[in-house]
There are 2 protein chains.
Amino acid sequence: MIKLLIHGGAGAIRRENHSEEEMDEYKKALSLSLEQGFRTLSEGRSAEEAVVEAVKVLEDCPLFNSGKGSVLCSDGRVQMDASIMCGQNSDCGAVTLVEQIKNPILMARYVMRHTPHRILGSKDADALARELGFEMESQDYFVTEKSKFHLIEAKKKGLIQLDHDEGDSSQTVGAVALDQNGNLAAATSTGGLTNKFPGRVSDSSIPGAGTFANNKTLAFSATGTGDIFIQNMSGFDAHSQMLYGKASLSEACQSVLEKVKSKGGRGGVLGLTSSGQSFMGFNSLGMFRGMKGSDGSFQIEVF
Amino acid sequence: MIKLLIHGGAGAIRRENHSEEEMDEYKKALSLSLEQGFRTLSEGRSAEEAVVEAVKVLEDCPLFNSGKGSVLCSDGRVQMDASIMCGQNSDCGAVTLVEQIKNPILMARYVMRHTPHRILGSKDADALARELGFEMESQDYFVTEKSKFHLIEAKKKGLIQLDHDEGDSSQTVGAVALDQNGNLAAATSTGGLTNKFPGRVSDSSIPGAGTFANNKTLAFSATGTGDIFIQNMSGFDAHSQMLYGKASLSEACQSVLEKVKSKGGRGGVLGLTSSGQSFMGFNSLGMFRGMKGSDGSFQIEVF
């Protein structure tokens with residue numbers, strides 16, 4: 001059994017704020033990500049490679065809040081976070097507060113594979129990526145007209161905003177995958193929250209918070225009120241409920257979402273087990289999401 | 001019952017590498033931290049205030065690897081991490097990769113109390129601290145002759161070193177406390193590892209990894225191979241074993257240390273429950289540590 005789940009963020013997505021053409025564009029992008037990641041699995045390659053492929057497509061698409069299209073800090077800059085985790089051995093890697101790496105998820109994988117560390121951040125991580133020959137871009141590449149507009153709107157209201165709120169259409173992205181060897185992997189990438197403090201580290205750069213994978217329990221990727229996902233260590237909490245509390249995948253993921261809600265947060269999560277059980281849930285109005293499995297499962301949905 | 005536990009790092013501390021005078025200096029510093037923190041509790045103030053007071057003393061002491069005396073990145077810079085968590089409501093705050101804040105733990109508390117975020121990092125966190133009027137210092141203040149010497153030695157050997165190894169006497173610091181209202185808190189502060197990559201984020205800046213507190217289970221502060229404490233999400237794992245797996249404090253903390261060891265890491269942890277049970281353990285040669293409680297417990301030890 002092979003299977004891939006992806007998300008493109010959760011929030012107050014309202015049908016009335018999006019034209020049919022817009023929705024089609026989103027679905028096309030999700031479909032491309034899903035196809036690319038699933039093909040990777042079909043070719044017998046690893047879950048690790050599949051989640052990277054799927055996330056990279058969404059980082060390159062300006063519709064989503066990661067890579068190109070990332071939302072803006074209060075000072076107008078883009079600062080991006082990404083992480084990856086493998087279920088076989090709990091290997092993980094992440095970057096945080098990077099401003100110039102075209103595909104943060106690729107550098108997160110580099111941190112996991114080739115450094116003695118787990119998380120590298122700030123301009124120092126950008127400098128290392130440049131030195132290593134990663135594709136780099138100026139801030140102009142990442143910033144879109146839409147993200148500038150949303151920053152202006154957020155400042156007017158004095159709010160720090162979730163990717164999707166008020167029809168904002170830029171979203172954290174993530175993927176979880178199961179490969180033919182029974183290995184799980186998860187990856188998440190984000191530009192964070194519109195109007196966030198410069199220097200704010202998100203759950204998407206913390207293995208255990210917004211990203212998690214362990215073959216014994218689940219692969220997990222989250223989107224939403226990231227500060228609360230950090231406080232709750234949501235990914236690791238879902239894992240722990242399954243490992244120590246014998247909760248099912250869906251019980252664990254539902255519980256994690258409820259705990260976020262009880263602290264005033266919102267969002268969505270993907271969960272996948274090594275036997276191919278899957279969970280896609282959210283407590284916001286909508287979540288851009290997709291699923292494809294060798295069991296014939298196929299889905300691309302928003303509401 | 002009120003109680004305070006502190007640590008000043010774990011590693012390959014060897015008696016033969018330290019004169020008696022040196023050991024006395026360490027113990028004097030630990031004693032000062034313990035007294036300051038315990039007095040805070042005795043005056044009826046909160047566990048949150050006590051761990052900040054205790055950690056601040058150690059940040060100001062050049063013997064330990066936090067604040068003044070922090071170890072150096074491979075490029076010779078000091079980059080510091082700190083975090084705090086409160087057991088009553090899981091509130092937490094942290095800073096990472098700061099280079100100019102005299103007491104990183106004070107800024108971590110600010111993040112917790114006064115921002116919508118949980119972790120702020122990089123020069124952006126320094127800039128905010130400066131704007132807010134926090135006491136700032138140049139790199140010269142933080143860098144000691146000893147840390148320069150250890151960087152040279154580490155580079156010769158091509159190693160990224162744990163605070164204590166090879167007689168290095170600069171160590172991550174931390175504290176856990178129980179106050180008269182039955183509330184727990186934990187705080188940790190570090191300069192990381194000698195010869196680490198610039199931009200490396202440590203477990204000491206991640207609530208759930210190197211620092212954790214929840215009144216239902218434990219307050220936790222770790223020191224050691226931080227990258228593995230991140231991968232294992234050790235603080236949250238100890239919590240989860242107690243909450244979902246009904247493990248005792250000591251079972252949970254021992255298990256966490258064993259998991260770190262099984263991945264090739266070393267270190268030490270402090271654990272404290274709201275009923276005043278305590279744990280101080282390490283799988284390295286030694287850990288600078290101290291404990292004081294209203295139950296008459298008192299201890300300052302290295303080996």
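Predicted model: local features only at pLDDT ≥ 70, side-chain atom pairs only at ≥ 80, totals over all residues.
Local features need pLDDT of at least 70 and side-chain atom pairs count only at pLDDT 80 or more, while totals for chains, interfaces and linings use all residues. Residues are numbered from 1 along each chain as written, chains are lettered from A in the order written, and side-chain values use heavy atoms, leaving out hydrogens and water.

Helix H8 of chain A (residues 234-243) is mostly covered, with nine of its 10 residues buried; buried means under 20% relative accessible area, exposed over 50%, and partly exposed in between (1.4 Å probe, protein chains only). Helices are DSSP runs of H or I with at least four residues, and strands are E runs of at least two, numbered from the N terminus. Among the buried residues of H8(A) are Phe236(A), His239(A) and Met242(A). Within chain A, the buried residues of H8(A) pack against S7, S8, H7 and H9, and from chain B, H7 and H8 join in.

Thr217(A) sits in the loop between strands S7 (211-213) and S8 (219-224) of chain A. With a relative accessible area of 3%, Thr217(A) is buried. Beyond its neighbours within four places in sequence, Thr217(A) is in contact (heavy atoms within 4.5 Å) with residues including His239(A), Met242(A) and Leu272(A).

Then there is helix H4 of chain A (residues 122-132), whose buried residues include Asp124(A) and Leu128(A). The buried residues of H4(A) pack against S3, H3 and S4 of chain A, along with S3 and H4 of chain B. Just after H4(A), Gly133(A) takes a positive phi of about 90 degrees.

Over in helix H1 of chain A (residues 20-42) lies Glu20(A), which is exposed, with a relative accessible area of 66%.
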